[in-house]
Structure formats: C-alpha cells, structure tokens
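Have the model open while you read.

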Amino acid sequence: MLSAQAEPLRHDGHTVMFAAIDGKPAGLLWPIPLSTTPEAIDLLHKEGLRIVMLTGDNRITAEAVGRRLHLMMFAPTCCPEQKVAVVKQFQSEGMSWRWREPESTMRRPWRRPAGRDGNRG
C-alpha cells in the first residue's frame, strides 16, 4: 500500500522515505522542495554556468528533479566515492567547480500523508 503511494511522489521528484513504528509500516515522509530553486538555477544558466546534480536518489526521482530544474546533466544513485570521481573528471577537463551539499533535512519542512491513526503530520 505505501509503495503504491510513494511511486507518484518519486515521479514528481520527491525523495520518499518509509516510516515505521515498532517495526511496522506507518507512513511516508518526503521533504518539501524549495520554491526558489528553479528560478535560481535559471539565473545561473543565464550567467553561463552549467549545473550538474550528483545525487544518491533513484533514477526516477533524479530525472523528475532534473526536468523541473532544467538540468542538462545529472547522475542518480551516486555514492560519495562516485561523486568524488565525477569532480576529479571535471578537474582533469579543466573545469572549475563548486560543491554544494543540500541543506540539512532536519531544518526543512516535511510533509506526511495520513498514517495508520489517520492523523496528518
């Protein structure tokens, strides 16, 4: 049941996490995207910068986010070692780069659908 609820969220670009209470499925959690991000990316593109997203998210989520943000390059399912390899490749090609870690998810608002008890978070 929860997997079926998670799939449309992934296709919309959300990183979905399954929550459990006492080891039993209880609901879904996903961060709310920042509304200013697409505009900021567009402004950077206008300045001639190429934005690359290296993410641990699955391909479906990464593609949806890439489309929403007008990114030409993204790499899904990257572990930290793979991200380092991509940066080294950019450096070997003479590209300058800046690394930006996403904001801590602990400081971002979260949305949760009705769980087993019918309450909303």
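1. Ground rules. This is a predicted model, where local features need pLDDT of at least 70 and side-chain atom pairs count only at pLDDT 80 or more, while totals for chains, interfaces and linings use all residues. Residues are numbered from 1 along each chain as its sequence is written, and side-chain values use heavy atoms, with hydrogens and water left out.

2. The overall layout. The chain has 4 helices and 5 strands, counted as DSSP runs from the N terminus (helices are H or I, at least four residues; strands are E, at least two). Reading from the N terminus, the order is α-β-β-α-β-α-β-α-β.

3. Surface and contacts. Of the 121 residues in the chain, 28% are buried; that label means under 20% relative accessible area, exposed means over 50%, and partly exposed is in between (1.4 Å probe, protein chains only). The accessible surface is about 8,600 Å², and carbon and sulfur atoms account for 57% of that; areas come from the Shrake-Rupley method with a 1.4 Å probe, and for residues only the protein chains shown count as cover. Take the contacts (heavy atoms within 4.5 Å) between residues at least 6 apart in sequence: 45% of them join residues at least 24 apart.

4. Which residues of helix 1 are buried? They are L2, A6, L9 and R10. These residues sit on the same side of helix 1 because they cover an arc of only 100° around the axis, taken from the directions from the helix axis to the C-beta atoms. A4 and P8, on the other side of helix 1, are exposed. The buried residues of helix 1 pack against strand 1, strand 2 (24–31) and helix 3.

5. The structure holds 3 salt bridges, each being a side-chain nitrogen of Lys or Arg within 4 Å of a carboxyl oxygen of Asp or Glu. One of them pairs E7 with R10, with the closest N and O atoms 3.3 Å apart. Since the two are 3 residues apart in helix 1 (residues 2–11), about one helical turn separates E7 from R10. R10 is buried at 18% relative accessible area, whereas E7 is partly exposed at 29%.

6. G13 follows helix 1 and has a positive phi, near 95°. In the loop between helix 1 and strand 1 you'll find H14, which is buried with a relative accessible area of 7%. The side chains of H14 and D12 are joined by a polar contact of 3.4 Å (a pair of N or O atoms within 3.5 Å; within protein, one must be able to donate a hydrogen and the other to accept it, and residues adjacent in sequence count only if both atoms are side-chain atoms).

7. D12 again. D12 also forms a salt bridge with R68, the closest N and O atoms being 3.9 Å apart. This pair links distant parts of the chain, 56 residues apart: D12 is in the loop between helix 1 and strand 1 (17–21), and R68 is in helix 3 (residues 59–68). R68 is partly exposed at 30%, and D12 is partly exposed at 43%.

8. R59 and E63 meet through their side chains, 3.6 Å from N to O. Both lie in helix 3, 4 residues apart, or about one turn. R59 is partly exposed at 49% relative accessible area, and E63 is partly exposed at 30%.
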